[in-house]
Amino acid sequence: MIPISVCIIAKNEEKNIEKCLAPLAPYNFEIIVVDTGSTDRTKEIARKYTDYVYDFEWVNDFSAARNFSLKKATHNYVLILDCDEFLTEINVDEIYRLIEEHPRSVGMLLRHSYYDSGGMRVSYPDRVERLFHKRYYHYNYTIHEQVSDIKTNSTYFERYEIPLTVDHVGYCGGLQDMLQKVERNNTLLLKEIEKNPEDSYFYFQVGQSYNSIADYENAYIYYKQAFEHPIDPAQPWLPILAQAYLRSMNSTGRAEEAIAFFTPLYDSFSGDASFLCTLGVSYLRTNQPMKAMMEFVRALQCSDASSEGVTTYIPYYNIGLINEMLGDINSAVSFYQRAAAYGYPLAVERLNELGIT
């Protein structure tokens, strides 16, 4: 078996660190925890699971802390986790096999990020680069650090999926926690923009920061700037940017602008159920119910869900809403009931209003 070091950086994570480390205990991983200045019990808890707990003076650079953790790993292959990511599924034998098959490539785990929306705790899945040989790759960028080729700093390399899934709860904190995180992140991101004014990635991430606290006006401003700079179509975050930009326009009274902007780009994103549902909302807000209906129907036909509910209760509810707008109450009730079967609060509420129990 190829030995693997799990590398984690932490600061004041006593509420999460045990949930992160405990699921790793049954596996023969070396665990490296690099603490960047905790004042709580983070290091004490971490030492229950590993002897390899190190201090790193915080220098406003996440890549510096990540790369320090790589240096402390005694094994060449490293698996990177965050304290707010909790292992839920893993096939270790298959991971070893895949490493042997892709020795110079980067493995991507599956992450389910949770957040609150429409009265429900929902999630969206994405693949993130986390398993690699530390002689070939390291981290680059001070914030929202990226795995990069150690010789060229390029992010263009072969990727493969690994059978490892985590739940990510970093977006589930209280408003004050999120505001502090946004202030910290955007301070670093804006410095990156000063150094790399043509790099769309940083504009996208500033938009994401504002989106996380529902500041859609500022999110719109930075998403728009991201699209105004060069973007490689192969970037894995591009579909997330597209859906988020659409949502920010819908949320700031710019639905007509959204439709005009994305109509020529439609084929690039039409396989993404989140994009289709959000575009459907744009059509609803511009009083085009039949065009909206088509987008929600297409979302139901997508096989790869880009966010929870976008291939089930979200299109069901909106198709019900459109049928009700068109006067077909029986069809509306049928679709509301399908959405309510998933526990979707808006569908349950509408059925109650219609007197359907």
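This is a predicted model: local features need pLDDT of at least 70, side-chain atom pairs count only at pLDDT 80 or more; totals for chains, interfaces and linings use all residues.
Visitor: Why is the contact between R66 and D82 called a salt bridge?

Guide: The closest N and O atoms of R66 and D82 are 2.3 Å apart. The limit is within 4 Å for a side-chain nitrogen of Lys or Arg and a carboxyl oxygen of Asp or Glu, so the pair qualifies. The pair links distant parts of the chain: R66 belongs to helix α3 (residues 62–72) and D82 to strand β4 (residues 77–82), 16 residues apart. R66 and D82 are both buried.

Visitor: What makes E85 and R111 a salt bridge?

Guide: Their side chains meet at 3.6 Å, N to O. That value lies within 4 Å, therefore the pair counts. Here too distant parts of the chain are linked, with E85 in strand β5 (residues 85–90) and R111 in strand β6 (residues 106–117), 26 residues apart.

Visitor: How do you know whether E85 is buried or exposed?

Guide: E85 has a relative accessible area of 0%. Buried means under 20%, so E85 is buried.

Visitor: Why is R111 called buried, with a relative accessibility of 14%?

Guide: The cut-off is under 20%, and R111 is at 14%, so R111 counts as buried.

Visitor: Which residues are linked with these pairs in a network of salt bridges?

Guide: The network is made of R66, D82, E85, R111, D126, R130 and E145. A search of the whole structure finds 19 salt bridges.

Visitor: What is noted about the phi of N153, and where is its place?

Guide: N153 has a positive phi of about 65° although it is not a glycine. Its place is in the loop between β9 and β10 (159–168). Most residues other than glycine have a negative phi. Y141 also has a positive phi, about 85°, and is not a glycine. Y141 lies in the loop between β8 (137–140) and β9 (146–149).

Visitor: How do you know that strand β2 is mostly covered?

Guide: Six of the six residues of β2 (residues 30–35) are buried. In a regular strand the side chains alternate between the two faces of the sheet. On one side of β2, E30, I32 and V34 are buried, and on the other I31, V33 and D35 are buried, leaving both faces covered.

Visitor: What makes β1 and β2 a pair?

Guide: Six bridges join strand β1 (residues 4–10) to β2. Pairing needs at least two bridges, so the strands pair. They run parallel, and C7 has I32 as its bridge partner in β2.

Visitor: How many bridges join β2 to β3?

Guide: Three bridges join β2 to strand β3 (residues 53–55). The requirement is at least two, so these strands pair as well. They run parallel, with V34 opposite Y54 in β3.

Note on methods:
Residues are numbered from 1 along each chain as its sequence is written. Side-chain values use heavy atoms; hydrogens and water are left out. Helices (H or I, at least four residues) and strands (E, at least two) are DSSP runs, numbered from the N terminus. Buried means under 20% relative accessible area, exposed over 50%, partly exposed in between (1.4 Å probe, protein chains only).
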